[in-house]
Amino acid sequence: MLIYNKKKSHLSENQVTPESVYLQRRQILQGLGLGLGAAALSAPASAGLFDALLGSKETKEQGAKEVIASTEPLTFSQPKAYQLDIAPTAEGVATTYNNFYEFGADKSDPARYAQQFKTKPWTITISGEVEHPQTIDVWAWLEKQQLEERIYRHRCVEAWSMVIPWLGVPLSSIIKAAKPTSKAKYVAFETLYDPKQMRGQSSRFVGGGIEYPYVEGLRLDEAMHPLALLAVGMYGKTLPPQNGAPVRLVLPWKYGFKGIKSIVNIHLTDKQPPTTWNKLASYEYGFYANVNPKVDHPRWSQATERVIAEGGLFGSGRQPTLMFNGYEDEVASLYQGMDLRKFY
Amino acid sequence: MRIKLSPKKITGLKILLHLAAILPLVWLPWAFSVGRFSADPIPELIQYFGDWALRILLLSLCVSPLAKALKSAPLIKVRRLIGLWSFAYASLHLLVWLWLDLQWGWSLIGSEIIKRGFVTLGMLSWLILLLLSLTSLQKIQRRLGRYWQRLHNWVYLAAVLIPIHYWWAVKSGWIQPLIYLLLSLSLLWWRRDKLLRPLKGLFKRQTSSTKRR
């Protein structure tokens, strides 16, 4: 079933689930686990019943509180151009199902092990081929930003997808402020390196054998594209640590791993920078990592994806993957004349 | 060491083994309810069933060395049930993949089996286990005679293919599949004489035929 048939500029109302509903949903989801009829059971009473049947309620409520405690509400605008007429993935799913190997290679590890992660104070340095290299105090900077909510499709290279209401500013704004020189052709990003806080960085076994710090890169024109978002929040609040707090990239036309989390360095260069997954397995993860249903991953097809909506065993459906994840109209021009099989 | 196992004891052992083999299934509802599975449990469930299929298969390969070591022939009687449980978990593993992951998308299923080496290996291993399970009835065993043993020697191939299938399928974290592969190879090493016999026979035949000339 193909849901996306409009351009992104088309608006529909009621995009964003109200927070009270997110919270309720999360409780139910955590209560249910199995996801058996998660949608049908919307009354907290039913969740309670399931809790009684299936196990302890306290652990779940504590878990939910922890996630809530680490985020703060944000104010933002909702530009019409960036709304999607697809219901967002349940917040409890998007915040408990994460690839963030710094906290462990299992998808539930980040939510479990990142709750003590210190995001204050936080600075980002911008260096390299720029006229004004600078160090930004993220939280002070954030107060001056006009945050936008953008509902983006999120496509993981593992052939699953979500729909997430991100909050942030265009990546271009922070790069423009540093004034790139004419030599700047690429932008390199780096995640915080702090093995004391990030258990995956202190143990190769926990961290999936990846070399840290995690690095990513974009061509400058990709980084300046209006869709490229420097995200500081999701679902109306600041990012939870497991989703890359306090600042991460969101590049909706690329596979999720390009969206580097917990950024501390932005470095402009004239050479294509190394990227973490490309270094680990270049035949599986290219530099560009554009979503492309015609170029398979060596171990699975990219032609379709499992959309994780409510989570649970029956909370996902399969749908065709769209070229550039459905953002073809906007980004195809960036790659004109390139062989996307070669530059995958 | 030699232990004596009366038919009664074997029956008791069988019941215990059945109960033990059900445990991973009983664990699931509890595990879901306390959040041991993530928000997208499907890949994890696939791996969970796959893990148990492989573990139980390796256990089934322990039976005959153990029976020899303990000089207790009746122990062999528990092998079939262990093997069948391995097949049951392998089938659940396959079912979750077909149903919940690929959602019965037959063209995708077909192309994945052909295109992805690790899926091909997995399917091949499951077919071997299927064939062995179908021929595990005593009636069929008797009817097949010596061919039955030959057919069931294919389990050794499955025991090697499955850890390779596992290794090939993971994105990172090759240590677990490696451990399984080493366990499997060591169980086959135990049987090296039996496994190499056909090769020896082949070698002898060749040399004798050269002599004749």
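Predicted model: local features only at pLDDT ≥ 70, side-chain atom pairs only at ≥ 80, totals over all residues.

Me: Okay, how many residues of chain A are in contact with chain B?

Reply: On the chain A side there are 36, and they are in contact with 28 residues of chain B.

Me: And what area is buried between chain A and chain B?

Reply: About 2,600 Å², with carbon and sulfur atoms giving 55% of that area.

Me: How many salt bridges cross the interface?

Reply: The rule finds five between chain A and chain B. One example pairs the side chains of Asp40(B) and Arg306(A), at 2.7 Å from N to O.

Me: Nice. Which elements of chain A give two or more residues to the side that touches chain B?

Reply: Those are α1 (19–32), β11 (304–308) and β12 (316–320) of chain A. By class, that side of chain A has 14 nonpolar, 15 polar and seven charged residues.

Me: What about residue pairs in polar contact, how many there?

Reply: The count between the two chains is 15, with both residues at pLDDT 80 or more.

Me: Switching topic: how far does helix α5 of chain B reach?

Reply: Its 18 residues (117–134) span 26 Å from first C-alpha to last, close to the 26 Å expected at 1.5 Å a residue.

Me: Which of its residues are buried?

Reply: Quite a list! Among them are Phe118(B), Leu121(B), Trp126(B), Ile128(B) and Ser133(B).

Me: And what covers the buried residues of α5(B)?

Reply: The cover includes α2 (41–69), α3 (79–101), α4 (106–115), α7 (146–152) and α8 (154–169) of chain B.

Definitions and conventions:
Residues numbered from 1 in each chain as written. Chains lettered and ligands numbered in written order. Heavy atoms only, no water. Helix = DSSP H or I, 4+ residues; strand = E, 2+ residues; numbered from the N terminus. Expected span 1.5 Å × (residues − 1). Buried < 20%, exposed > 50% of the residue type's maximum accessible area, 1.4 Å probe, protein only. Contact = heavy atoms within 4.5 Å. Buried area = accessible area lost by both parts, 1.4 Å probe. Salt bridge = Lys/Arg side-chain N within 4 Å of Asp/Glu carboxyl O. Polar contact = N/O pair within 3.5 Å; in protein donor to acceptor, adjacent residues only side chain to side chain. Nonpolar A, V, L, I, M, F, W, Y, C, P; charged D, E, K, R; others polar.
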